[in-house]
Amino acid sequence: MTDDRAIFLSEREERLEHYRRDRALQDSARSFLGETLRARYSYQFDWLGLPIIQYPQDMAALQEIIWSTRPDLIIETGIARGGSLVFSASMLALLDLADAAAEGRVLDPRRPGRTVLGVDIDIRPHNRVAIEAHPLSARIRMIEGSSIADDVVARARELAAEHARVMVCLDSSHTHDHVMAELMAYAPLVGVGAYCVVLDTVIEDLPEATFPGRPWGRGNSPKSAVHAFLADHPEFEIDTSIPDKLLSTVAPDGYLRRLS
């Protein structure tokens, strides 16, 4: 049978170029995103039993990134109901399983494996109980406190120093100043070729009335922080191929890849 993988990948690239030029397709995707944000669509999904509060499109992109870049520590700011931590833990468990299979060994559950660290200013007791009761809890560590507090950042850096390859996902307070502070604190921990993912950059692209009573909005958002950060940090670039293929994402300009 003919190996058609090269043709398959080439066709993917052709479709991606078509997506970039197809204004009607992009308009439809923006309409879908706007309507589903209004309907709180992202609140409808679980990952392995816990609410994840993410778009399926971004979940697909994150698993591709984790599988291809193979981090051994993922740092997440913002825990909410724990589904995202479990998502990361499950992907890291699969990486450990794949490594064991490739090396011809049985995975030892007692052997320290890849880990996810979650940071949140308020880990509610019922959410902590659900996370700690999950079968993947041994891979999950949590810190309660502001993600930009000196002591919290210091503890995250200590853990990062024990790991060779770090990925970061920022999804806590969405104001410009807070996200900028998170980027300054956590982006340096990301290894070359790995990603710092800034979620909810889409806030910058939405009408002001979308977030009544919230301290963030246009000009004061994760995306405004990303652009300000990148102006002084050429070691990172926006991976535009990810939102281009997702079409609907809460993280336009938010998938940052470290170059050097």
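Select Tyr41 to begin: this residue is partly exposed, at a relative accessible area of 23% (buried is under 20%, exposed over 50%, partly exposed in between, with a 1.4 Å probe and protein chains only). Before moving on, know that this is a predicted model, where local features need pLDDT of at least 70, side-chain atom pairs count only at pLDDT 80 or more, and totals for chains, interfaces and linings use all residues. Residues are numbered from 1 along each chain as its sequence is written, and side-chain values use heavy atoms, leaving out hydrogens and water.

How are the rings of Phe32 and Tyr41 arranged? Their centres are 5.7 Å apart and their planes at 80 degrees, so the pair is edge-to-face. (Rings of Phe, Tyr and Trp, the last by its six-membered ring, pair if their centres lie within 6.5 Å; planes under 30 degrees apart are stacked, over 60 edge-to-face, the rest tilted.) Show Phe45 and Tyr55 too, and you have one aromatic cluster with Phe32 and Tyr41.

Next, pick Tyr43 and look over its face: Arg40 is there, 4.1 Å from the ring centre. (For a charge to sit over a ring, NZ of Lys or CZ of Arg must be within 6 Å of the ring centre and within 35 degrees of the ring normal.) Arg70 does likewise with Trp67, its charged end 5.4 Å from the centre of the ring. Trp67 itself is in helix α3, residues 56-69 (helices are DSSP runs of H or I, at least four residues, and strands are runs of E, at least two, numbered from the N terminus).

Time for some charges. Select Glu17 and Arg20, which form a salt bridge with the closest N and O atoms 2.3 Å apart (a side-chain nitrogen of Lys or Arg within 4 Å of a carboxyl oxygen of Asp or Glu). Both lie in helix α1 (residues 5-21), 3 residues apart, about one helical turn. Arg20 also forms a salt bridge with Asp244, at 2.6 Å. Asp244 is in helix α9 (residues 241-246), so this pair ties together parts 224 residues apart in sequence.

Last stop: Arg139 and Asp96, joined by a salt bridge at 2.7 Å, N to O. Arg139 is in the loop between α5 (125-132) and β5 (140-144), while Asp96 is in helix α4 (residues 83-102). Are they buried or exposed? Both Arg139 and Asp96 are buried.
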